[in-house]
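Please keep the sequence and the model side by side.

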Amino acid sequence: MSVQSLAEDLRISIARLSRRLRTLRPDAAGAAAPLSLTQFAALAALERHRAMTPRELADHEKVQPPSMTRVIAYLESRGLVERSPHPTDGRQVVLSVTEEGRALLAGERRRKEAWLSRRLDALTPEEREILRQAAPILDKLSQS
C-alpha cells in the first residue's frame with residue numbers, strides 16, 4: 001500500500017469515526033443542548049491547562065479572538081467557565097472551568113468511551129492489539 005493510499009484510507013476512517021462520535025447525543029431527556037465541537041474543545045483545553053486568558057485560549061485553539069469571545073460568552077452563560085482577575089495584569093482576566101463544566105466534560109467522555117468500548121468489544125483480540133499499538137502513532141500524527 002502506498003503512503004498516498006494509506007493517507008486516504010486514514011483520512012476517511014478517522015473522519016467517519018470523528019463524525020460518529022460528534023453525533024452522539026446525551027441520553028437524558030431534556031438535557032441541555034450539546035456543545036459545538038469548538039465549544040467542547042475550548043472547554044477541554046481550559047480544563048487541561050487549568051486556567052488561560054481569552055487570548056491564550058484563542059491561540060491554543062487556533063481561532064480568531066472575536067470568535068473565541070463568542071465561545072467564551074456561551075460557555076459562561078451556561079455556567080461552564082468563570083472569569084477571575086489576572087494575577088499580574090489588571091487589564092486581563094483568567095478563565096477556568098467550573099464544577100459544572102468539569103461534570104459536563106466527564107459525562108461526555110464517559111458516554112463516548114462507552115460507545116467506543118462497545119465497538120471495541122466486537123473486534124477480535126488481534127484487532128484490538130493493532131489499535132492499541134496504533135493509538136500512540138495516531139496521537140503523534142495529530143501533534144505534528
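Is Thr-53 buried or exposed? This is a predicted model, in which local features need pLDDT of at least 70 and side-chain atom pairs count only at pLDDT 80 or more, while totals for chains, interfaces and linings use all residues. Residues are numbered from 1 along each chain as its sequence is written, and side-chain values use heavy atoms, with hydrogens and water left out.

Thr-53 counts as buried because its relative accessibility is 5%; buried means under 20% relative accessible area, exposed over 50%, and partly exposed in between, with a 1.4 Å probe and protein chains only. Thr-53 sits in the loop between α2 and α3. Helices here are DSSP runs of H or I with at least four residues, strands are runs of E with at least two, and both are numbered from the N terminus. Leaving aside residues up to four places away in sequence, Thr-53 touches His-86, Gln-92, Val-93 and Leu-95, where contact means heavy atoms within 4.5 Å.

Arg-50 lies in that loop between α2 and α3 as well, but Arg-50 is exposed, with a relative accessible area of 69%. Its phi is near 70°, a positive value in a residue other than glycine. Lys-62, in the loop between α3 and α4, also has a positive phi for a non-glycine residue, near 60°. Lys-62 counts as exposed, at 72% relative accessibility.

On the surface, Met-1, Leu-6, Leu-10, Ile-14, Ile-137, Leu-138 and Leu-141 form a nonpolar patch with about 680 Å² of accessible area together. Patches are made of residues with over 30% relative accessible area and no salt bridge, with like charges joined within 9 Å and nonpolar side chains (Val, Leu, Ile, Met, Phe, Trp, Tyr) within 5 Å. A salt bridge is a side-chain nitrogen of Lys or Arg within 4 Å of a carboxyl oxygen of Asp or Glu. Accessible areas come from the Shrake-Rupley method with a 1.4 Å probe, and for residues only the protein chains shown count as cover. Helices α1 (3–23) and α6 (125–143) are the elements that give two or more residues to the nonpolar patch. Leu-138, in helix α6, is partly exposed, with a relative accessible area of 35%.
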